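Here are a few exercises to work through with the model open in your viewer. Try each one yourself before reading the solution.

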Amino acid sequence: MSLRFSDEDFQAAWKELDEPQLEGGWELFTETMGVKIYRLFDKETGLYEYKVFGGLSSCTAELCADVYMDLAYRKHWDGYVKELSEEQFDGQTAIYWEVKYPFPLSNRDYLYVRERRVLDVDGRKIWVILARSSPGTPCPEKSGVLRVKDYKQTVAMETDGASGTKVFINYFDNPGGMIPTWLVNWASKSGVPGFLTDMQKACSNYPTYCQKK
């Protein structure tokens with residue numbers, strides 16, 4: 001697993017919590033609910049890569065990281081998940097994720113690998129989770145579902161100094177097909193802050209969920 005992501009990848013992720021790297025064309029896209037979202041135009045695909053800086057006010061970074069990593073629990077709180085599980089494909093471990101899209105658009109699915117590390121940075125404890133698509137994983141595509149072959153996500157989290165969590169997210173995916181601009185904008189402007197709100201609620205309910213398992 002460690003061969004898939006380098007130490008440099010993890011170092012670059014946590015440093016964004018201290019000094020956001022926004023040179024080279026990043027622009028402020030929207031600011032809402034205490035969340036700032038920046039975007040960078042990708043000339044090759046005509047799509048945007050995003051960086052998100054925000055926080056979760058009432059849950060610890062360790063709890064947030066545990067909730068983020070728990071695939072079975074995510075199926076309980078994320079309404080866009082149709083399928084989500086870690087699978088073996090010819091001896092390769094990868095995560096299969098099918099996302100519900102609004103009618104009449106086709107659902108999308110992803111095959112990706114991920115790794116979590118807890119870093120000690122001069123006494124600071126920082127959780128970093130890296131994920132990226134794994135197009136070489138031998139998993140046949142489903143009829144009526146579009147496979148996302150270009151996906152990456154970085155998440156870095158640490159305490160905000162009080163009872164909450166400071167969060168950095170960097171993500172890009174190319175969903176393929178013809179997606180209306182309004183949907184792309186909605187997903188970026190509303191979907192990300194909405195996801196953080198849902199995740200905060202999920203963190204609050206996680207101890208109860210774990211007790212019931």
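**Exercise 1.** In which loop does Pro104 lie?

*Solution.* Keep in mind that this is a predicted model. Start with the strands: Pro104 sits in the loop between β5 (92–99) and β6. Next, look at the peptide bond that joins Phe103 and Pro104: this bond is cis, with omega at about 10 degrees. For background, most peptide bonds are trans.

**Exercise 2.** Find where Asp90 and Asp122 are placed, then work out whether each is buried or exposed.

*Solution.* Take Asp90 to begin with: its place is the loop between β4 (81–89) and β5. Its relative accessible area is 70%, and exposed means over 50%, so Asp90 is exposed. Now turn to Asp122, found in the loop between β6 and β7 (124–133). With a relative accessible area of 79%, Asp122 is exposed. Then check the backbone: Asp90 is not a glycine, yet has a positive phi of about 50 degrees. Asp122, not a glycine either, has a positive phi of about 50 degrees. As a reminder, most residues other than glycine have a negative phi.

**Exercise 3.** Describe the surroundings of Asp109.

*Solution.* Locate the residue: Asp109 belongs to strand β6 (residues 107–121). Its relative accessible area is 0%, so Asp109 counts as buried. Now list what it touches, leaving out residues up to four places away in sequence: Tyr96, Trp97, Glu98, Val145, Leu146, Arg147 and Val148. Finally, look for a polar partner: the side chains of Asp109 and Tyr96 make a polar contact at 2.8 Å.

**Exercise 4.** How many disulfides does the model have?

*Solution.* Apply the cut-off: a disulfide needs two cysteine sulfur atoms within 2.5 Å. The count by this rule is zero. Cys210 shows this well: the nearest cysteine sulfur, belonging to Cys203, is 11 Å away, and Cys210 is in no disulfide. To finish, sort two cysteines by accessibility: Cys210, at 32%, is partly exposed, while Cys139, at 15%, is buried.

Methods
Residues numbered from 1 in each chain as written. Predicted model: local features only at pLDDT ≥ 70, side-chain atom pairs only at ≥ 80, totals over all residues. Heavy atoms only, no water. Buried < 20%, exposed > 50% of the residue type's maximum accessible area, 1.4 Å probe, protein only. Helix = DSSP H or I, 4+ residues; strand = E, 2+ residues; numbered from the N terminus. Polar contact = N/O pair within 3.5 Å; in protein donor to acceptor, adjacent residues only side chain to side chain. Contact = heavy atoms within 4.5 Å.
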